[in-house]
Amino acid sequence: MQRLTQFLKQKETPAELIELINLLMAACKEIDHKLREGALAGILGATEQENVQGETQKKLDVVANDILKLTLRESQLVRGIASEEEPDPVAAHPEGRFLVTFDPLDGSSNIDINVSVGTIFSILQAPEGSRGDDHAAFLQAGRKQVAAGYVLYGPSCLLVLTTGDGVNMFTLGHNGEFYVTREQVQIPATTQEFAINMSNQRFWDAPVKRYIADLLQGEEGPREKRYNMRWIASMVAEVHRILTRGGIFMYPWDARAPEKPGKLRLMYEGNPMSMLVEQAGGRSTNTQIDIMDVPPKAIHERVSVALGSKEEVEVLMQYHREE
Ligand code: P6P
């Protein structure tokens, strides 16, 4: 099996991008190691702090963020970083070619129950003359991404990556090398599996309520087939399932926070996951337009998400057009 660097070189990936991806993987391997130490390292549980999202930070959120920040700030390739755990962008090298946004540990509420979590990352070109700590430099639509991916810390440690030429999966070996284990992943266009947090049902808007109600009617309902449901409360794990066997994942707008378009963040959750899903032949929308066409207004802005099997996502979009 080919190692990550060999594979990327064979795909004629630009050398600087290969170097940056390898740097990200060095940080993620350190995070993986910390996670597997878990309680033995005394780093489970929550801190006393809240992040800019108003969420209580887990100790490992902070550990993962610091590992990524310190690793990337040392690189001549990186002009700045934006993290879910940082209120403002952090400048790195003034001539760096790239900007990196990341969610250092997505699904961290699952850490204490030993369920899969992940690091999500997005790589953008640094605009000419921009500063790495300037919010405006990062406000680029998802279609501008140079590369995107996640590292899933599960039973295996997996890298799922796109540089714009399809989606490939890599597994971390005992020797610390990532080996390509699935190439040119394709999401099935149809599905019988949906993922949504059903406890929010009474807060959804009418089209989502109607769409889910129709799925739940199974063979007797308008969709004329039985649907299964999954909810892991870790977007990385849900997206990985969808890349592996299809499905639809939804975190739509709900009335609990009507001023927010959704719970998930555009720049370091919505956009990178949307690039992966589209590159694998799926669809990723905010139920009105493709997420990668949403013009960002703020680094931590949120977005409604419906992504996965192309035909299923398009059925949901039709429910919204009918309202
Ligand atoms: P809820 C994790 O906190 C996260 O950002 C996503 O990874 C996940 O899909 C979602 O929130 C879970 O949200 O409301 O079900 O806890």
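Predicted model: local features only at pLDDT ≥ 70, side-chain atom pairs only at ≥ 80, totals over all residues.

I started with what counts as a pocket: on a 1 Å grid over the protein atoms alone, it is an open set of points with protein on both sides within 12 Å along at least five of seven lines, whereas a cavity is a set where a 1.4 Å probe fits but cannot get out. A molecule sits in one if more than half of its atoms lie within 2 Å of its grid points. By that rule, I found the ligand in the largest pocket.

Residues are numbered from 1 along each chain as its sequence is written, and side-chain values use heavy atoms, with hydrogens and water left out.

**Ligand shell**

Next I looked at the neighbours (a residue is near if one of its heavy atoms lies within 4 Å). There are 13 residues around the ligand, and Asp106, Asn197, Trp231, Met235 and Tyr251 come nearest. I sorted the shell into 6 nonpolar, 3 polar and 4 charged residues. My sorting counts Ala, Val, Leu, Ile, Met, Phe, Trp, Tyr, Cys and Pro as nonpolar, Asp, Glu, Lys and Arg as charged, and the others, Gly among them, as polar.

Which residues make polar contacts (N or O pairs within 3.5 Å) with oxygen atoms of the ligand? Tyr251 does, with a polar side-chain atom at 2.6 Å. Met235 uses a polar backbone atom, at 2.7 Å. For Trp231, a side-chain N or O atom is 2.9 Å from a ligand oxygen. The protein covers 83% of the 400 Å² of accessible area that the ligand has on its own (Shrake-Rupley, 1.4 Å probe).

Strands turn up here too (DSSP E runs of at least two residues, numbered from the N terminus). β13 (248–251) and β14 (264–265) each give the shell at least two residues.

**Sheets**

I then traced the pairing, which needs at least two DSSP bridges between two strands. β13 belongs to an open, mixed sheet of 5 strands, in the order β12-β11-β13-β17-β15. Its edges are β12 (228–229) and β15 (283–285), each pairing on one side only. β11 (residues 193–195) runs parallel to β12, joined by 2 bridges; Phe194 has Met229 as its bridge partner there.

The other sheet I noted is open and mixed, with 8 strands in the order β4-β3-β5-β6-β7-β8-β9-β10. β4 (90–91) and β10 (178–182) are its edge strands. β3 (residues 78–83) pairs antiparallel with β4 over 2 bridges, and Ile81 stands opposite Val90 in β4.

How values were computed. Polar contact = N/O pair within 3.5 Å; in protein donor to acceptor, adjacent residues only side chain to side chain. 1 Å grid on protein atoms, 1.4 Å probe; cavity = no way out; pocket = protein on both sides within 12 Å on 5 of 7 lines; lining within 4 Å. Helix = DSSP H or I, 4+ residues; strand = E, 2+ residues; numbered from the N terminus.
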